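Work through the exercises below with the sequence and the 3D view side by side, and try each task before reading its solution.

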Amino acid sequence: MRSYDKRDFPVGEVRRFLEPGPVVLVSSAYEGETDIMTMGWHTMMEFHPSLVGCVISSANHSFEMIRRSKECVINVPTVAIAAKVVGIGNTTGGVVDKFATFGLTATPAIKVKAPLIAECYANFECRLADAGLVRKYNFFIFEVLKAHVAVSPKYPRTIHYRGDGVFMISGENTAKYRRLFRAAML
Ligand SMILES: Cc1cc2nc3c(=O)[nH]c(=O)nc-3n(C[C@H](O)[C@H](O)[C@H](O)COP(=O)(O)O)c2cc1C
């Protein structure tokens, strides 16, 4: 087993190793307007209720849309629309209609007013569950109320941001270590 030679590394860049991914698209709706933003900074927090924490910068147009409507949809894109994911991250909804600009289809959700993005592999309808950390950290805690997931493929080719303009595309899967898990941990 090897150990690694290491050097000092800037703490502000550790995100390159910890950013969980997949990169997602967050869609929102408020007072007749819709928006989409690209997001990498999210984390699972609980199974039941299904809680997801998300950092949404207050500089983003989506921030007020989501803070006021208390809803959003977390959409999981695949590498097939990676260029659109970057474009959505480069633009702001205050200026452009991102559904029209990027040729994406908004379809109605069941539990929230924010639209689903039809071209994404999965769509999770979310309601704001706790805004207690929004002011201090721009950290929204959402409950997933309804999930729509494509029937195939089982393992989509999602994109994961490594910083500096580089994506990792999910690929290889292995069940080689499955037998090592305690059943409760599967
Ligand atoms: C790969 C990638 C990941 C991003 N992750 C986040 C994130 O986690 N949180 C955030 O606030 N902005 C993130 N952004 C930036 C927003 O997507 C960007 O500011 C976007 O233009 C906001 O759109 P809006 O102003 O229409 O809300 C990311 C952008 C890219 C390209």
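**Exercise 1. The largest pocket**

How many residues line the largest pocket, and which of them lie nearest its centre?

Solution. The model is a predicted one, in which local features need pLDDT of at least 70 and side-chain atom pairs count only at pLDDT 80 or more, whereas totals for chains, interfaces and linings use all residues. Residues are numbered from 1 along each chain as its sequence is written, and side-chain values use heavy atoms, with hydrogens and water left out. The largest pocket is lined by 18 residues, and Thr38, Met39, Gly40, Gly89 and Tyr161 lie nearest its centre. The space in the largest pocket comes to about 430 Å³. A pocket here is an open set of points on a 1 Å grid over the protein atoms alone, where a 1.4 Å probe fits and protein lies on both sides within 12 Å along at least five of seven lines; lining residues have an atom within 4 Å of a point. By class, the lining has 10 nonpolar, 6 polar and 2 charged residues, where Ala, Val, Leu, Ile, Met, Phe, Trp, Tyr, Cys and Pro count as nonpolar, Asp, Glu, Lys and Arg as charged, and the others, Gly among them, as polar.

**Exercise 2. The second largest pocket**

Find the volume of the second largest pocket and the elements that contribute to its lining.

Solution. Begin with the volume, which is about 350 Å³. Of the 17 lining residues, Pro22, His42, Met44, Val76 and Phe124 are the closest to the centre. Next, assign the lining to elements: β3 (42–46), β5, β8 (122–130) and β9 each supply at least two residues, with the largest share, 3 residues, coming from β3. Finally, sorting the lining by class gives 12 nonpolar, 5 polar and no charged residues.

**Exercise 3. The ligand**

Solution. Of the 20 residues around the ligand, Asp35, Ser62, Thr91, Thr92 and Gly93 come nearest. Turning to backbone atoms, a polar backbone atom of threonine 38 is 2.8 Å from an oxygen atom of the ligand, a backbone N or O atom of tryptophan 41 lies 2.9 Å from a ligand oxygen, and for glycine 89 the corresponding distance is 3.1 Å.

**Exercise 4. Two residues and their surroundings**

Is threonine 158 buried or exposed, and what does it contact beyond its neighbours in sequence?

Solution. Locate threonine 158 in the loop between β9 and β10 (159–161). Threonine 158 is buried, because its relative accessible area is 8% and buried means under 20%. Leaving aside neighbours within four places in sequence, threonine 158 is in contact (heavy atoms within 4.5 Å) with Pro22, Val76, Pro77, Thr78, Met168, Ile169 and Ser170.

Now repeat the steps for alanine 122, which is in strand β8. Alanine 122 counts as buried, at 3% relative accessibility, and, not counting residues up to four places away in sequence, touches Ile74, Asn75, Val76, His148 and Val149.

**Exercise 5. The buried side of a helix**

Which residues of helix α2 are buried, and which elements do they pack against?

Solution. Helix α2 (residues 61–69) has Ser62, Phe63, Met65, Ile66 and Ser69 as its buried residues. These buried residues pack against β1 (24–30), β2 (33–39), β5 (71–76), α5 (134–137) and β9 (139–149). After α2 comes lysine 70, whose phi is positive, near 60°.

Methods: Buried < 20%, exposed > 50% of the residue type's maximum accessible area, 1.4 Å probe, protein only. Helix = DSSP H or I, 4+ residues; strand = E, 2+ residues; numbered from the N terminus. Points joined across faces, edges and corners; volume = space filled by probe spheres on them. Near = heavy atom within 4 Å. Polar contact = N/O pair within 3.5 Å; in protein donor to acceptor, adjacent residues only side chain to side chain.
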